[in-house]
Amino acid sequence: MLEGKDLACVRGERTLFSHLNFTLNEGELLLVQGANGSGKTSLLRMLCGLLTPEFGEILWRGEEIGAARETYHAEMAYFGHAPAVKEDLSASENLDFSCRLAGIPVDGDEVKGALGHLGLGHCLNLPTKSLSQGQRRRVALARLMLVKAKLWILDEPLTALDQAALQLVQNLIGEHLRQGGMALMTTHQPVMITGIVPKTLPLTP
Ligand SMILES: Nc1ncnc2c1ncn2[C@@H]1O[C@H](COP(=O)(O)OP(=O)(O)OP(=O)(O)O)[C@@H](O)[C@H]1O
């Protein structure tokens, strides 16, 4: 279980949120909601250990994430606001590279399968810089299929996707949850995943 207890976030002079509590269990989806600038990305960065809460604690399987760092990072995958893809590498090289960097061995067929699943089968070997924004985001999202993490932390994974890709990515999240995974995400779009009723976490100061 992932648990946030009495969390507060201050950026500059502003308290973005305080007294924030949530739990996330296997099979659950938590939608972090709030206006632009309310602190959604800041919260996700906290959950990844990239930002220290002003107050409160974040627990993974009952242990504070700093103390459980190694286990936690092995079980968590983060899809950032600006997806990390290297422009000069092809779609398949990007996936291969990022999985190796994370210590996850993948073979060419797995990479091809993940990219094909997200509708990128026809541009496996093109340099990422020649792909559209939506296609680049799909390359970064395809990584989720390979890293086999229990917890997905997704910052606006639905942005810039066309209707077909929206469906594919929501199906991917649904499949992850049905297999006992957990997901926490931000989005400004409606989320419709068959059989899943998301929990919501509104951010207010
Ligand atoms: N390093 C920083 N120093 C000071 N303020 C910051 C810093 N990083 C972010 N902020 C401020 O914190 C606020 C929240 O930013 P954040 O990116 O978490 O919001 P958000 O809810 O994800 O917004 P959006 O919906 O636009 O993506 C913003 O007002 C932003 O300017």
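1. How many nonpolar, polar and charged residues does the shell around the ligand have, by class? One is nonpolar, eight are polar and two are charged. Here Ala, Val, Leu, Ile, Met, Phe, Trp, Tyr, Cys and Pro count as nonpolar, Asp, Glu, Lys and Arg as charged, and the others, Gly among them, as polar.

2. A note on the model. It is predicted: local features need pLDDT of at least 70, side-chain atom pairs count only at pLDDT 80 or more, and totals for chains, interfaces and linings use all residues. Residues are numbered from 1 along each chain as its sequence is written.

3. The ligand shell. Its residues are Arg 11, Gly 12, Leu 16, Gly 34, Asn 36, Gly 37, Ser 38, Gly 39, Lys 40, Thr 41 and Ser 42. Helices (H or I, at least four residues) and strands (E, at least two) are DSSP runs, numbered from the N terminus.

4. The unreviewed UniProt entry places "domain: ABC transporter" on residues 2–204. Such annotations may be inferred rather than shown by experiment; positions follow the numbering used here, and feature names are shortened. Over residues 2–204 the chain is 33% helix and 26% strand. The end C-alpha atoms are 21 Å apart.

5. Helices α3 and α5. The axes of α3 and α5 (residues 133–147) come within 10 Å and cross at roughly 45 degrees. Axes are lines fitted to C-alpha atoms, for helices over the stretch in contact, and angles run from 0 to 180 degrees between N-to-C directions. The two helices are therefore oblique to each other (under 35 degrees is roughly parallel, over 145 roughly antiparallel, 65 to 115 roughly perpendicular, the rest oblique). Ala 91, Asn 94, Leu 95, Ser 98 and Cys 99 in α3 meet Val 139, Ala 142, Arg 143, Leu 146 and Val 147 in α5. Contact requires C-beta atoms, placed from the backbone, within 7 Å. Seven of these residues are nonpolar, two polar and one charged.

6. Helices α5 and α6. The axes of α5 and α6 (residues 163–178) come within 11 Å and cross at roughly 15 degrees. The pair is therefore roughly parallel. Gly 134, Arg 138, Leu 141, Leu 144 and Met 145 of α5 touch Ala 165, Val 169 and Leu 172 of α6. By class, this contact has six nonpolar, one polar and one charged residues.

Notes: A residue is near a molecule or strand if its C-beta atom, placed from the backbone, lies within 6 Å of it. Two residues are in contact if their C-beta atoms, placed from the backbone, lie within 7 Å.
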